[in-house]
Amino acid sequence: MDAQLQTQLDNIVRKVRVYHPDPDVGMLQRAFDLAYEMHKDQHRRSGELYLTHPLSVTELIADLKLDVPCLCAGILHDVVEDSDTSVSDLREMFGEEVAFIVDGVTKLSKFAFNTREERQAESFRKMLIAMASDLRVILVKLADRLHNMRTLKHMPEAKQRYIARETLDIYAPLAHRLGIYWIKSEMEDMAFRYLHPEDYYRLAETVTQKKAERERYIHETIAILEEKFQENKIDARVTGRPKHFYSIWRKMRNNNIPFEQVFDVLAFRVITGSVTQCYEVLGLVHSLWRPVPGRFKDYVAMPKPNGYQSLHTSVIGPYRERVEIQIRTEDMHKIAEEGVAAHWQYKEGKAAPGSDASKFAWLRQLIEWQQDLADPKEFMETVKVDLFPEEVYALTPRGEVRVLRKGATPIDFAYAIHTEVGHHCVGARVNGSIVPLRQKLVNGDTVEIMTSPHARPSKDWLKSVKTGRARNKIRQYIRAEERERSRQYGHELLDKEFKRYKLGLRKMTKNGELLKAAQSLRCHNVDELLVNVGFGKIQPETVVQRLVPEQAEPKDSGEGALEKVMRVITGKKPGIALDGIDDVMVNYARCCRPVKGEPIVGFITRGRGLSIHTADCPQLSTLEPERQIDVHWTEDRNNSTRPVQIRVTCTDKPGLLANISQSFSATGVNIAEAHCRTTTDGRAINTFEVLVRDLKQLNVTMKAIRKIDGVYAVERVRT
């Protein structure tokens, strides 16, 4: 047996003995023996024996101080997927707990899916259901993903980017939701490294250059705080650290600022003996340094949904540097670092009971959605939205707290109360004043929703809502409404076609003949048939032919309803080339402003011809998939141009705007419109509407502008 493997197992046992009074080492050994037998001929891309991965994952599980069944599941988590061992075999050898956790973690690789996205969605859906019963499932999965990220360098570049993106979108927010911040931070930094390597290494170099200066500042600030606490006889422990790379980079990108203008790069933590001392420390900190307005957050009185508690304040510290200070008790600190893993009930695999159940309301909500959303893409979009880590806390008139995603509106609040309240919402009062439904809520707002029995959701609401619950419920309502309209339209079309052949639609429905025709056309019932006819997926003539084939002569070449609509709009069939189509019947969506060279999708509108969107346009998810159609660009002999908006953030100095304009001219791009404004911190934000031939010309132009000295950021604007 490989000495490294035995060393890893010994290390796991050592870690477990630190926090577990009497671990079942024999069970761990049996799990190791089985995993060794199943994986002994397998190797990782690095050349190492494959078993080093499950053992490394189990070491991370031991760092979370979890129980022996969870550790065994870590050792065995790939056995079902990579060998002939079944979940039933594991249940027989190790018991229900181990088998359940392994089954929850196992990917659905043995099933056939149409796309990688569909596989990802269904695997995640399965894992969510399992973790609702036993949170250890997700803890093992997080450990598995963390070790995979640590060894990602051995994977092909395309796989690196895919796994890094999935980690940043799904697993890092999950770690945050569960309160395990050390896993969340490490995942974010490693994903950042693979998704934006140039930015990562540039930032790492900048931070390293300032390391000595930063450490000196940390020591000096800690000394000032400790002296102040001693004077006031408060026993407190103070630590300081720089924020992790991804956090700094995100702040730079969101605010369009260089590293030098990111003020609160440093965070200090004060650990006290009681809640009362937390507030005493807060007062002393504010007596030392001036607090930054609007930057105080009390998560002690109002904890985050994952149980996190702490006082956060930003102050103008020594040398007028802005720093963040977090103040908490030892118990709060343990929860903040280890999250649910710090709670003994989850170490024993029990669901969140009583007062702790509210901390996992978001998990129950995800489970509810996975039952409603059949479309994998939409399910993953909903998951990503509601795993978003930043929250806003708003109150009902009775003082009940509703936790929403940052940027949420009164519509989100209405749906958080009840689906019917959301559906019939007509207005809102925030802090006693009537406000627009699209207004963003802030912490502490008291929201009163006004309703009317005649009110209905609007598709425009999808543009302003932020929570997955609201978006999901609005979409469900709109689809049901559109389905009903399509059913009625299909009924009219069929009735009209039946009358041409002297058939009665009501009679055919009553005697069951229409149901037989529907089933022969792969529709479950008559309603589904009518909906498909209304959407244009089934021709009325086709239904007639199924009922009276001897009388129903084909009336055309057999093209489908969608092809017929496209022929009327464009004179061509689906999969059309854009060039050559009458511009009166084609419009380019303003939400994404597509340009030649990027993937596009057509949407058949009702009465306004064909609307062209980029393939990644967020608005496509709100449009009926039945009316989306493949289109592509062809050679444009006229060199026509398309309008695109570009935002350039730069320093405010004479001559720079002229240099930017010259770059446009040098690449052959005309400026149709320009808006320029300056900010209080010496920056200029310039928005240009320019006319470009294709994506290549746009990219060359943006690259040239980025090279100009004094330009911070260049980005394409999509509305």
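In this predicted model, helix H25 (residues 526–535) is largely enclosed by the rest of the structure, because eight of its ten residues are buried. The buried positions are Val 526, Leu 529, Leu 530, Val 531, Asn 532, Val 533, Gly 534 and Phe 535. At the N-terminal end, H25 is capped by Asn 525, which places a side-chain oxygen 3.3 Å from the backbone nitrogen of Asp 527. After H25 comes Gly 536, which has a positive phi, near 90°.

The axes of H20 and H22 are 8 Å apart and meet at an angle of about 80°. H20 is therefore roughly perpendicular to H22, since angles of 65 to 115 degrees fall in that class. On the H20 side, the contact is formed by Ile 411, Asp 412, Tyr 415 and Ala 416, and on the H22 side by Arg 469, Ala 470, Lys 473 and Ile 474. Classified by residue type, the contact of H20 with H22 comprises five nonpolar and three charged residues, with no polar ones.

Thr 409 lies in the loop that runs between strand S8 (401–405) and helix H20 (410–417). Thr 409 counts as buried because its relative accessibility is 1%, against a cut-off of under 20%. When residues up to four places away in sequence are not counted, Thr 409 touches Leu 437, Arg 438, Gln 439, Leu 441, Ser 464 and Val 465.

The nonpolar cores were also examined. The largest nonpolar core contains 75 residues, and the members that touch the most others are Ile 61, Leu 76, Leu 90, Phe 94, Val 98, Leu 142 and Leu 203. Helix H10 (residues 157–177) makes the greatest contribution to this core, with nine residues. For Leu 76, the contacts beyond its neighbours within four places in sequence are with Ala 31, Leu 34, Ala 35, Leu 90, Phe 94, Val 98 and Val 102. Of these partners of Leu 76, Leu 90, Phe 94 and Val 98 are also listed among the core members touching the most others. Another core, of 24 residues, lies apart from the largest one and includes Ile 218, Ala 236, Leu 266 and Leu 284.

Technical notes
Residues are numbered from 1 along each chain as its sequence is written. This is a predicted model: local features need pLDDT of at least 70, side-chain atom pairs count only at pLDDT 80 or more; totals for chains, interfaces and linings use all residues. Side-chain values use heavy atoms; hydrogens and water are left out. A nonpolar core is a set of buried Ala, Val, Leu, Ile, Met, Phe, Trp, Tyr and Cys residues joined through side-chain atoms within 4.5 Å. Buried means under 20% relative accessible area, exposed over 50%, partly exposed in between (1.4 Å probe, protein chains only). Helices (H or I, at least four residues) and strands (E, at least two) are DSSP runs, numbered from the N terminus. Contact means heavy atoms within 4.5 Å. A polar contact is a pair of N or O atoms within 3.5 Å; within protein, one must be able to donate a hydrogen and the other to accept it, and residues adjacent in sequence count only if both atoms are side-chain atoms. Axes are lines fitted to C-alpha atoms, for helices over the stretch in contact, and angles run from 0 to 180 degrees between N-to-C directions. Angles under 35 degrees count as roughly parallel, over 145 as roughly antiparallel, 65 to 115 as roughly perpendicular and the rest as oblique. Ala, Val, Leu, Ile, Met, Phe, Trp, Tyr, Cys and Pro count as nonpolar, Asp, Glu, Lys and Arg as charged, and the others, Gly among them, as polar.
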